[in-house]
Amino acid sequence: MSNELKKDWKKITRANGFSIPDSALDRIAQSLDSLETGFRPLARGLRQENEPATVFRCTVPGETPGEWEDAG
Amino acid sequence: MTLLETAARLRRREISSAELTAASLDRIERVNPSTNAMQTVMAEAAREAAIQADDELAGGKARGPLHGIPIAVKDLFYTKGVRTTGGSSLFENYVPDHDATVVEWLRAGGAVLVGKTGMHELAYGITSSNPHFGAVRNPWDRDRIPGGSSGGSGAAVAAGMVAMAMGSDTGGSIRIPASFCGVVGLKPTYGRVSRHGTMPLGYSLDHMGPLTRSVRDAGAVLNVIAGYDCRDEASSRRPVENYVPDMEPAIRGLRIGMPENFYLDRIDADVDTAMRAAFHTAETHGAEIVPVRVPDIAAFNTVARLILLAEASALLEPYLEQRDRFGADVMALLDQGRLLPATDYINAQRLRSGMQREFAGLWSRIDCLFTPTTPITAPLIGETAATIAGESEDVRLASTRLVRAINLLGLPAVSVPCGVDRRGLPIGLQIVGQPFAEALILRVAQAVAPVEVPVPRL
C-alpha cells in the first residue's frame, strides 16, 4: 500500500450516488483498507492468460449448460 | 440413537414414525425456548407426513434410510406453503410455491420435515444472533453462540431435536456451527448438491449440506441429496456413489496431510492438543501422516472475502436503500461490497482459477488434509474479539479463517467433533478432500470419530 494512494471511501460513495451515511463508512473503512492491502499485490501478479473462474457458456435454447460434458 | 440406527428400528417396526415425530416435537417444545434453534415448527404437517410414512412401511414400501425420520432444514430452503425468511425481515412473509430440490428429494426419501431452523440474517455471518428472530443459543452453553450461519441447524441437532438438519455454507456456515455445537457438518463439493430453491448469498460460493450426530448419518443423507439437477446451473453430472462408510473403515496407507504452515499456526492450546490427538488416532489406524506446506491461505481468504462481498451486495442491491431492514453487521458487509469496483471482482475470479490449480498440487502427495475447523471454541454471545495464543482477533475473522478458502476452492470438507476444551466446549476437526472425494473424507472421518456425539443435558 505504501506506493499507492489510499482510497477515499466517502468520495467513492458520493460519486456512485450511494446513500451510505458517513458514520457507517467510518465503521467499514478499516475493513476495506485491509482488504485493499491484501488484494492489491495479488491482483498485480495477474497475467493476461489468467481467466476468471466464472465462465459464460453458450447454449442453444432448451439445452442445459454442461449437457455435453463428460460425466467422468 | 443415530439416524441409521433409528431407521433400522423403523424398518423392524419396533418404533413408528408417528412416535418418533411426537418425540421430536416434544423435545422441540421443551428445549426450543432456551435455544431458539427452531424458527418455524411444522407440527401438523409433520404428524400427517409421519402417519403416511408409517402407512407406507406397513404396506411394505420403504423409501430408504430417511423414511419416517424427523428432520429440519435451515430457513433458507424453500418449502412449499411454509414461510421461508432467510433470517431476514425483508422476507418475513415470503411463502414459496415450491420446494427446494433438496427438500423435494428429502421428502421423496420419506423424511418427515418438522421445522425450519434459525440462522444468521441472510446467512451472512457466523453468530446466528439474529436481530429479527432472536439469538440462537449453543446447547452446550446457552450464553454462547452456536456458530453460523446455520446456527439453528447445529443447535437443533446438538440438542437432540432432530437427527439431521440441512445447512448451507458460503464461508464456513455448516462447518463452524458443527465445530461449536459438537456435531458433524458436511460441505460437499461445489455442484454435488443442488442449490435450486435456496436463498443465495454468494452464487459461486454457496454449498448445501447436512449436520448430523454421526459421520455415517451424514453419508446417508448425502446419498439422498447428491446428484445432478438441471435446475442448478452449477450442478455436476458426475455419478454419485455410496457415501456411508463402514462402521470400522480401513484407512491403512491413506496419506493424511499435516499442515506445516497456516492452519496450526495460531490456534487455542486446547484445539492444538485435540489436533495432535486426531493425527495420532489416524496414525494408529495405519494412516500415513505427511507434513505439507499449504499455499498462502491468507491470500485465498482475501480473494474469497472479496468475491463474497461483491456477489452478496449485487444480489441484495434492490433492497439496500432499506437500511433499517438489516442488522448492523450485515449492513456493514453489504456497504463494503457496493464500494468494490467490478474490476476487483473479475480479478478475484481470475486469481481463484490460479489458486485452484496451486492447491490441487497437494493431491499428488496426500489423500486428505486435517485442519482445525475453528481456532477457538464457541465464543460468548456478544463477544466480538477472541484472544488466541496471546493475540486479540475479531471473532468473525477468527471463526472463518480456517474454513473460508475451502469454499473458494469448492472442495468437500467435513467437520467432526474431536474433543472438548477446558470448559467442556466442543472442538472440531476439519477433513478436506479433493473434488468429489466425499466418500473418502467420510471414511477417514468415521475412522477418527466413529461414535455418535452426545446430547447435552438441557
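I began with burial, counting a residue as buried if 20 or more other C-beta atoms lie within 10 Å of its own. By that criterion, in what is a predicted model, buried residues make up 60% of the 458 residues of chain B.

Next I looked up the overall dimensions of chain B, whose C-alpha trace spans about 60 × 55 × 45 Å along its principal axes. For secondary structure I recorded 14 helices and 15 strands in chain B, and of the contacts between residues at least 6 apart in its sequence, 76% join residues at least 24 apart.

I then turned to the domains of chain B, where domain 1 covers 3-225 and domain 2 covers 255-448, with their C-alpha centres 22 Å apart. Their contact takes 49 residues from domain 1 and 43 residues from domain 2. On the domain 1 side, α6 (175-181), β7 (184-187) and α7 (215-225) of chain B each supply at least two residues, and α6(B) gives the most, with 6 residues. I sorted that side of domain 1 by class and found 24 nonpolar, 16 polar and 9 charged residues.

Last, I examined where the two chains meet, and found 27 residues of chain A in contact with 26 residues of chain B. On the chain A side, the elements giving two or more residues are α1 (9-16) and α2 (22-44), and the largest share, 10 residues, comes from α2(A). I noted that this side of chain A divides into 16 nonpolar, 8 polar and 3 charged residues.

Definitions and conventions: Residues numbered from 1 in each chain as written. Chains lettered and ligands numbered in written order. Predicted model: local features only at pLDDT ≥ 70, side-chain atom pairs only at ≥ 80, totals over all residues. Contact = placed C-beta atoms within 7 Å. Helix = DSSP H or I, 4+ residues; strand = E, 2+ residues; numbered from the N terminus. Nonpolar A, V, L, I, M, F, W, Y, C, P; charged D, E, K, R; others polar. Buried ≥ 20, exposed ≤ 12 C-beta atoms within 10 Å, placed from the backbone. Domains from an automatic or database assignment.
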